[in-house]
Amino acid sequence: MAAATIRENSRYENKMHGSMEFPYVIYHSRIPDYLYSYPLHWHNEMEIIYVISGSCTITINRLPVQVYAGDIIFILPDTLHSIDRHEHNKVDFFNIVFDIRLLESATPSDACFDRYLRPYLESQIQIPAVISSSHPQYPELQLTLGRLIQNHELAVPGCELYIKSQLFTLFWLLEPLKTGAEENISRSHSAQIRKMKDLLQLISIHYANPLSLKDAASFCGYSIPHFMKFFKSFTGSTFVEYLNTYRLKKAGELLLSTDLTVLEVSEAVGFDNHSYFIRLFKRYYGTTPKKHRRQTDSGASDPYQPFTAPDNPSV
């Protein structure tokens with residue numbers, strides 16, 4: 001399938017975050033309680049991660065960064081990123097995911113949005129990827145994130161206004177930290193990022209079908225040895241490892257959101273060997289598919305649903 005067709009058909013992560021009317025949501029994530037990792041992906045929305053406890057590795061456009069409790073991570077729209085377990089540590093974190101266009105007015109010309117926010121959408125600026133407690137802007141940023149987490153449920157009339165006000169405050173706090181996009185990013189590197197995104201879209205569409213290393217290398221126009229090096233430089237894993245991880249993530253979602261049998265789930269995500277699926281699933285999730293499904297019945301948090309904030313979040 002041609003790369004242009006892939007781009008037209010789908011984004012790698014086409015999940016709706018929030019709603020069409022209000023594209024904003026908060027998730028509560030735990031690694032490895034529900035997932036061992038979040039494979040390399042990207043989306044049109046901006047994402048902010050606040051680490052509650054533990055540590056993990058977040059890779060942003062090939063650059064792996066170790067993050068720890070209290071760190072705030074900013075992932076700009078359309079940025080390749082992944083979240084992986086750091087050694088044997090657990091990590092607990094909030095994800096705030098929203099479309100920056102939520103803050104654009106309906107007027108023919110929004111000078112404020114065009115000047116301060118549109119550059120985020122057009123990859124014209126950069127901000128620090130990680131802000132830790134020693135940063136001078138940290139206290140105000142942490143306070144603003146805490147307000148968003150505490151008031152995210154939109155249960156009170158007018159709460160959307162409060163959330164938008166805090167998002168505007170957030171960008172105001174980030175304004176002094178903005179710099180221009182790097183001028184020295186080579187055309188070759190940009191082309192490699194585009195090629196990687198096209199490949200991830202191919203996987204997101206065809207993961208349930210047979211998809212070999214040779215198929216992936218051919219899609220990218222590389223020899224198999226060159227492709228293996230290229231792929232690992234972005235993901236830190238082999239193509240087969242990544243494809244299996246992606247399929248396992250989809251299997252976990254199906255187990256929690258459908259009544260399909262374990263065998264039906266394994267086949268639906270592309271595994272033709274049931275025993276192999278069970279073995280990989282236990283290695284990835286630390287439990288069996290049946291026990292994973294029972295998490296919902298036992299009251300455990302569903303990692304694919306928006307987080308329910310406590311009355312007094314400790315952020």
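Is histidine 274 buried, partly exposed or exposed, and what is its relative accessible area? Histidine 274 is partly exposed, with a relative accessible area of 32%, where buried means under 20%, exposed over 50% and partly exposed in between (1.4 Å probe, protein chains only). This is a predicted model, in which local features need pLDDT of at least 70 and side-chain atom pairs count only at pLDDT 80 or more, while totals for chains, interfaces and linings use all residues. Residues are numbered from 1 along each chain as its sequence is written, and side-chain values use heavy atoms, with hydrogens and water left out.

**Histidine 274**
- Histidine 274 lies in helix 10, which covers residues 274-285; helices (H or I, at least four residues) and strands (E, at least two) are DSSP runs, numbered from the N terminus.
- Not counting residues up to four places away in sequence, histidine 274 touches Val262, Leu263 and Ser266, contact being heavy atoms within 4.5 Å.
- Between the C-alpha atoms of histidine 274 and leucine 263, which are 11 residues apart along the chain, the separation is 6.6 Å.

**Threonine 59**
- Threonine 59 belongs to strand 3, residues 46-60, and counts as buried because its relative accessibility is 10%.
- Apart from neighbours within four places in sequence, threonine 59 is in contact with Pro64, Leu80, His81, Ser82 and Phe234.

**Lysine 291 and helix 11**
- Lysine 291 is found in helix 11, a helix made up of residues 289-297.
- Lysine 291 is partly exposed because its relative accessible area is 48%.
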